[in-house]
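Have a go at each task before you read its solution.

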Amino acid sequence: MTADTRPRVLVVDDAATVRLYHTSLLTEAGFEVAEAANGLEAVEAALSTEFDLFVVDVNMPKMNGYTCVETLRSETVGTAAPVLMISTEDRPGDADRAYQAGANLYLVKPVAGDRLVRIATMLTTGKEE
Amino acid sequence: MGLVRKQAPQQPEEVLPPEKPSVESLLRQLDDADPDCRREAALGLVGVAEAVPALLARVAVETETNVRDAVLTTLAAHDTETVAGGLAVHLASDDAALRTSVAEALATMRGSVLSLMPSLLAAPDHDVRVMTAMVLADLAHPDAPVWLTRMIAEDPHPNVVTAAIDALLPAATAEHAAVLEAAVQRFPDDPFLRFTVQAALPRLTGTA
Amino acid sequence: MASAPATGAGLSDADFTRFCEYFYKRTGIHFTPGKRYFVDKRIENCIRDSPYDTFGSWFAALRMSDKSAMLQDLINQLTVNETYFLREDYQFDAMLSTVLPNVLKDRGGLGRIVGPVKILSLPCSTGEEPYSIALRLLEEWEQIDHVDVEIHGADIDSEVLAKAAHASYGERSLQRVPKPWINKYFNPVGSGRYQVDEGIRSAVTLHRVNVCDTAAMRAFRDFDVIFCRNVLIYFDELSSRRAAENLYGAMRPGGYLFLGHSESMSRISPIFTPTRLPEGIVYQRPTGAK
């Protein structure tokens, strides 16, 4: 029996303030939260730890969000855990690009706290059914 | 079998590089069908000022990220307004990998990138202004906070303002408290902006 | 600015947080609250050695420097950088248990492999790392008698290379080497020092090179395994990218790259693919097969 059965989420964003915001909301909602500052750090974290949910920004240095999600889905990591992409970008085609990469959902910032929690909960509990 | 030695000498060898290809052949190689050849060309053209136009042209069309990264590393070492301007156009790109890797390169160009700020801050596309804040976040220049403060005070788009706030906070002092509070007043319905400023103020004003 | 002067009272909570965020952003290294005292003391040392009086002024200068002497000094203070035999040898474990078997398989298998397996230690410093690799291979790799292995050491500093060539070491450097290995592979040379056997010394090729120098690094080709530990972290953004690109060019497709245990490519370059081994993360040059 594991001591900590909270669902594990990885918050991926180069902006420390965004990580703080999403981490606070998700921690308060009962998630165990880890952070990564870019897509490559996220891939390395996913190789070492099993996550139940990824919350991924798009514009990040070293490895952007789309490449990150593609890599998470590829045989490099091969995770089937849900991926929520959150970005400032709202160009036409951005959401499609996210789904092509393997994301489950694409939201444009800013995301209200209760909405983020509702969606994160739905994505993780939905998975366990 | 076992541990074998490549050559006889017992003293540490000064590495003699192989024959270096000419600039002309490297420039041709920059367009080779083989990505490894293009990558080698980009690396080989380090420090060659006359290669800048060809390298800038490559950034726009290169599809292999490893090659493009090598081209950008070579270009960024030329910390000039020509290169900065030639790269900055891609901040508007629809290709996330291209615009973010260009932003990374620009953030290393301390000498030249600030000359672009007036036009970048005035860019009609707010996504470009968000990318500009990303550049300023990593730019090790004492004037970066000045430009960020201006963005926070004046930019009409909340996502640009929050990106600029995030970029400014590591360097922010008590003097910046007023402009941060004013931003919250300008965008009272942005939950993230309010949260961020409320979290940051105590640290800045010494009441943490 | 609300920051405490460096009087030995330690950093304020706010300053510690600011510093940790900056350090994490630059290096990917997290300091847990348990490390607070350690970090405080080291930063105080740095401030004291600097022209600055307060954390605030020192930190502002640090942020402007992008890996100049200031940040290098800080990283030096905060990381363990002593060299000795069998340092971080869980990576040598990984080399033996997974990496070399994969290399053999990728290159046609035992009996079919053409050309030597090539291993590079860069920086090799005073030689402990390449000689450690040699000892582990000789003692623990079953295939060592059936495969040619070239071990190369490279460093920018000719003084340390001269010491590596001479290969005599004292107790501190040898503390982790099992006594039987010392008897088997070293000869006492007086003053408590032991010298690596001539047979092994002559099997390790030493080079003087700057890893950021693309032209010079072209001389290194087709390496199967590269150890590049605890040097890239000191480089500024462009230099570390260039060094990574040069290491990539020195490797065979599918070749393996080990960084120091607290280092990550996430702050350097995405050109390598991270892979998880039981012993930790290792990086590979992609094979190009899609």
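**Exercise 1. How do strands S4 and S5 of chain C pair, and over how many bridges?**

Step 1: Find strand S4 (residues 186-190) and strand S5 (residues 193-196) of chain C; they pair in the antiparallel sense over four bridges. Strands here are DSSP runs of E with at least two residues, helices are runs of H or I with at least four, and both are numbered from the N terminus. Two strands pair if DSSP finds at least two bridges between them.

Step 2: Pick out the partners. Pro188(C) has Tyr194(C) as its bridge partner in S5(C), and Phe186(C) stands opposite Val196(C).

Step 3: Look at the turn. S4(C) and S5(C) make a hairpin with two residues between them, and Ser191(C) in the turn has a positive phi of about 55°.

Step 4: Widen the view. The open sheet has three strands in the order S3-S5-S4 (chain C), with antiparallel pairing. Strand S3 (168-169) and S4 of chain C stand at the edges with a single partner strand each, so one side of each is left without a neighbour in the sheet.

A quick note on what you're looking at: this is a predicted model, where local features need pLDDT of at least 70, side-chain atom pairs count only at pLDDT 80 or more, and totals for chains, interfaces and linings use all residues. Residues are numbered from 1 along each chain as its sequence is written, while chains are lettered from A and ligands numbered from 1 in the order in which they are written.

**Exercise 2. Work out whether Glu129(C) is buried or exposed.**

Step 1: Locate Glu129(C) in helix H6 (residues 128-140) of chain C.

Step 2: Apply the cut-offs: with C-beta atoms placed from the backbone, a residue is buried if 20 or more others lie within 10 Å of its own, exposed if 12 or fewer, and partly exposed in between. Glu129(C) has 25 other C-beta atoms within 10 Å, so it is buried.

Step 3: List the contacts (C-beta atoms, placed from the backbone, within 7 Å). Leaving aside neighbours within four places in sequence, Glu129(C) touches Ser121(C), Cys124(C) and Phe227(C).

**Exercise 3. Describe chain C as a whole.**

Step 1: Count the elements: chain C has 12 helices and 10 strands.

Step 2: Compare sizes. The radius of gyration of chain C is 21 Å, close to the 19 Å from the globule rule for 290 residues, so chain C is as compact as a globular protein of that length. The radius is taken over C-alpha atoms, and the rule is 2.2 Å times the number of residues to the power 0.38.

Step 3: Check the inside. Of the 290 residues of chain C, 41% count as buried. Among its contacts between residues at least 6 apart in sequence, 73% join residues at least 24 apart.

**Exercise 4. Which element of chain B gives the most to the side that touches chain C?**

Step 1: Start with the totals: 38 residues of chain B are in contact with 46 residues of chain C.

Step 2: Among the elements giving two or more residues to this side of chain B are helix H2 (35-44) and helix H4 (65-76). H4(B) gives the most, with five residues.

Step 3: Finish across the chains. Two bridges join S1(B) to strand S2 (residues 148-155) of chain C, and these strands run parallel. Leu3(B) stands opposite Val149(C).

Notes. Two residues are in contact if their C-beta atoms, placed from the backbone, lie within 7 Å.
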